[in-house]
Amino acid sequence: MNSGYSHHGASRTKKSLLGWIFNGGSPDEDIIDNLDVLRQRSRDLYMGGSALSTGALKTARTNVIGTGLRLKPAIDADFLGIDEEQADELKRTIEREFALWSESVDCDAQRLNNFFELQQLAYLSQLMSGDCFALLPMIPRPHSVYDLRIRLMEADRVCDPDRIDGRDIKGGVECNEYGEVIAYWFSSRHPLSTSSKRQTWTRVEAFGLQSGRRNLLHLMESERPEQRRGVPILAPVIEPLKQLGRYTEAELMAAVVSGMFTVFIKSNTPQTPLGEGIDLEHQVDSEDETTYELGNGAIIGLAPGEEAQMANPGRPNSAFDGFVTAILRQVGAALEIPYELLVKHFTASYSASRAALLEAWKSFRMRRSWLAADFCQPIYEEWFAEAVAKGRIPAPGFFDDPLIRRAYTRAEWHGPSPGQIDPLKEANAAILRIKAAISTIERETAELTGGDFEQNVRQRAREERLLQASSLTISGGDPTSEEVLESNEDEQEQ
């Protein structure tokens, strides 16, 4: 007897489900076997196949990364046995040294981008291609204090070699009998390149056998256990985005045709030249005598026996905006980007717009935390180890105990703030959270403005001294609780 899901989603007798053709597979069959097509279609959508696709990826990149995730050392002073003053001095030393490396293009193996620009590039590549790889070679350079470099590699470069020799290699990722990723196989040239260079493969171990050092980072968002390669974020919505792009182009062309006023003249004499009423510079293909072209206010001569049958496209289409909006709401749900943010169109109330932004920032914060943990923090730890080894940062016991190493390298990564629809309300909410010990001034400063609390305090102290020396004061009253309450009541009435 049928029971449970066999009556519903797994039913093979319901007419509504009989036409559902399905054939599931493992992550290797479902993902790796389709990755080449998914990547190329995703890139085509980004490079012009769909303006909305480009906007979606850039919106995610800008909100998650922005100008870059900034380091805020959070060393465990209690465990290390140092006082607060020593900890603050050590933090400032770390920040200065890291800025020396991260703000220079020397951190890039290609010497093109600094660390924060590499974050943008790595994340955008991961969104577009499904995954991105970052090698961490040590490359000495003249006049460069540090040797650590970041070399970003596009997803296609990791692929199966010609000969596998019994190894468990799929999608260029090699695993051992326990399912642990032990190596990646990099092609000597991009598989889609037209270069005549012979293609060979280099095996790069995920971790050094003796040192245990991470040789590379694999940026990938997993969606299934035992998954080896990532999927482009646009993969679930490639078809609707492409169809929507085609529909938009068709509507645009129909509107252009509808906006042209062209007169056709039928003559009994064949001497009337075709296309005479359109200026040569406005003709699309003047060399093709079989082409009939439309133009603004043009007069077209027809040959004997020819007759123009005009089809009125009836544009602009009043239903266009509503239909596109309905599709984009579904696309936005799949990408975790609300429709309002996807198209940068905020026409609802303050509460509705804020709710949309808050929902989007749940996703952005999750992705930011993931990128900080999988990209920024491992690179920071590699850099820190080099800085300690070279005597640039004092860290006794750093190489002796993993706990001490962790205590020194603890850090927070802050990115751009979400922005405020009503800055007054956001600021007052931050003050209340601080007073209730729900949050800290440092965190609220980073969340609201992307600034640094300690730097702000030092700068404000300097500004106060200058104001006192000049006998000046900053005018402007603080909003009272009654004013804030009245503002909230007005919003609720709207």
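User: Which side chain does Arg224 meet in a salt bridge?

Analyst: Start with the rule. A salt bridge is a side-chain nitrogen of Lys or Arg within 4 Å of a carboxyl oxygen of Asp or Glu. Here, Arg224 meets Asp30, at 2.8 Å from N to O. The pair links distant parts of the chain, 194 residues apart. Arg224 sits in the loop between strand E8 (216-220) and H8, and Asp30 in helix H2 (residues 27-30). Helices (H or I, at least four residues) and strands (E, at least two) are DSSP runs, numbered from the N terminus.

User: What should I know about the model and its numbering?

Analyst: This is a predicted model: local features need pLDDT of at least 70, side-chain atom pairs count only at pLDDT 80 or more, and totals for chains, interfaces and linings use all residues. Residues are numbered from 1 along each chain as its sequence is written, and side-chain values use heavy atoms, with hydrogens and water left out.

User: Are Arg224 and Asp30 buried, exposed or partly exposed?

Analyst: Buried means under 20% relative accessible area, exposed over 50%, and partly exposed in between (1.4 Å probe, protein chains only). Arg224 has 29%, so it is partly exposed. Asp30 has 32%, so it is partly exposed too. In the protein, buried residues make up 38% of the 494 residues.

User: Which residue forms a salt bridge with Asp131?

Analyst: Arg229 does, with the closest N and O atoms 2.7 Å apart. Asp131 is in strand E2 (residues 131-135), and Arg229 is in the loop between E8 and H8. That puts them 98 residues apart. Both Asp131 and Arg229 are buried.

User: Which residues are linked with Arg39 in a network of salt bridges?

Analyst: Arg43, Glu154 and Asp156. Take Arg39 and Asp156: their closest N and O atoms are 4.0 Å apart. Arg39 lies in helix H3 (residues 35-49), and Asp156 in the loop between strand E3 (151-154) and strand E4 (168-170), so the pair ties together parts 117 residues apart in sequence. Arg39 and Asp156 are both buried. The protein's count comes to 29 salt bridges.

User: Now the core. Which residues touch the most other members of the largest nonpolar core?

Analyst: A nonpolar core is a set of buried Ala, Val, Leu, Ile, Met, Phe, Trp, Tyr and Cys residues joined through side-chain atoms within 4.5 Å. The largest one has 76 residues, and Trp101, Phe115, Phe375, Trp383 and Phe384 touch the most other members. Helix H11 (residues 350-389) gives the most to this core, with 16 residues. Apart from it lies another core, of 11 residues, among them Met153, Val173, Ala206 and Leu216.

User: Which residues does Trp101 touch?

Analyst: Contact means heavy atoms within 4.5 Å. Not counting residues up to four places away in sequence, the partners of Trp101 include Cys107, Phe115, Tyr146, Ile379 and Trp383.

User: Which residues form a nonpolar patch on the surface?

Analyst: Patches are made of residues with over 30% relative accessible area and no salt bridge; like charges are joined within 9 Å, nonpolar side chains (Val, Leu, Ile, Met, Phe, Trp, Tyr) within 5 Å. Here, Leu252, Met253 and Val256 form one, with about 290 Å² of accessible area together. Areas come from the Shrake-Rupley method with a 1.4 Å probe; for residues, only the protein chains shown count as cover. Leu252 is in helix H8 (residues 238-259). At 57% relative accessibility, Leu252 counts as exposed.
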